[in-house]
Structure formats: structure tokens, C-alpha cells
Amino acid sequence: MATTDVSTSSLVSVGKNVNELVLKYNKSVERIYEIGAEIDAMWDGEANKKFIAILGADRERFGAMSTLLTRYTEVLNETA
């Protein structure tokens with residue numbers, strides 16, 4: 001059976017990398033909602049209402065993903 005060696009420095013490094021990805025993810029999510037607001041301003045009708053409703057419902061899911069990944073980085077740092 002193969003073994004894997006894990007060092008404090010590797011845990012810290014992975015934590016930093018994941019944290020950087022979380023920051024990029026959060027910026028991308030914010031951009032999605034900026035674009036959504038721009039589209040909303042230009043688009044009328046039932047399809048727009050459905051689009052905005054779906055986009056609004058997804059905000060909670062995007063937030064949950066960010067929270068999960070942030071917690072993962074915290075666990076890596078606590079473990080290190």
C-alpha cells in the first residue's frame with residue numbers, strides 16, 4: 001500500500017492556494033450578478049423575470065460553496 005507524507009508546509013501551501021481560488025471565485029460570482037443587473041436593465045418580460053428569479057435563487061448556493069471552501073482552508077491551517 002502506498003503512503004502519503006503530509007507536512008505542515010504542504011498543508012499551509014494548499015490552504016493558501018485554495019484561499020486564492022476562493023477569492024477569485026467570489027469575484028467571479030460578484031461579476032455574474034453585476035452582469036445580471038445589466039441584463040435586467042435591458043430586458044423586459046416574463047423570460048427576464050424567470051432569469052432574475054433563477055439567478056437570485058443561485059446566490060445562496062454560490063455563498064454556500066464559498067463558505068465550504070473557506071472552511072476547508074481553515075481546517076487545513078488548523079491541521080498544520
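Rings of Phe, Tyr and Trp (for Trp, the six-membered ring) are paired if their centres lie within 6.5 Å. The structure shown is a predicted model, and by this rule the count comes to three aromatic pairs.

**View 1. The pair of Tyr 25 and Phe 62.** The ring centres of Tyr 25 and Phe 62 are 6.4 Å apart and the planes meet at 65°; planes over 60 degrees apart count as edge-to-face, so this pair is edge-to-face. Tyr 25 belongs to helix 1 (residues 8-42) and Phe 62 to helix 2 (residues 46-79), so the contact ties together parts that are 37 residues apart in sequence. Tyr 25 is partly exposed, at 23% relative accessibility. Phe 62 is also partly exposed, with a relative accessible area of 23%.

**View 2. The pair of Tyr 33 and Phe 62.** This aromatic pair is edge-to-face as well, with 6.1 Å from centre to centre and 85° between the planes. Tyr 33 lies in helix 1 and Phe 62 in helix 2, 29 residues apart, and the pair links these distant parts of the chain. Tyr 33 has a relative accessible area of 10%; buried means under 20%, so Tyr 33 is buried.

**View 3. The aromatic cluster.** Tyr 25, Tyr 33 and Phe 62 form one cluster. Phe 62 pairs edge-to-face with Tyr 25 and with Tyr 33.

**View 4. Arg 59 over the ring of Tyr 33.** The charged end of Arg 59 sits over this ring, at 3.8 Å from the ring centre. Tyr 33, whose ring takes part in this contact, is also the partner of Phe 62 in an edge-to-face pair.

Key: Residues are numbered from 1 along each chain as its sequence is written. This is a predicted model: local features need pLDDT of at least 70, side-chain atom pairs count only at pLDDT 80 or more; totals for chains, interfaces and linings use all residues. Side-chain values use heavy atoms; hydrogens and water are left out. Rings of Phe, Tyr and Trp (its six-membered ring) pair if their centres lie within 6.5 Å; planes under 30 degrees apart count as stacked, over 60 as edge-to-face and the rest as tilted. Helices (H or I, at least four residues) and strands (E, at least two) are DSSP runs, numbered from the N terminus. Buried means under 20% relative accessible area, exposed over 50%, partly exposed in between (1.4 Å probe, protein chains only). A charge sits over a ring if NZ of Lys or CZ of Arg is within 6 Å of the ring centre and within 35 degrees of the ring normal.
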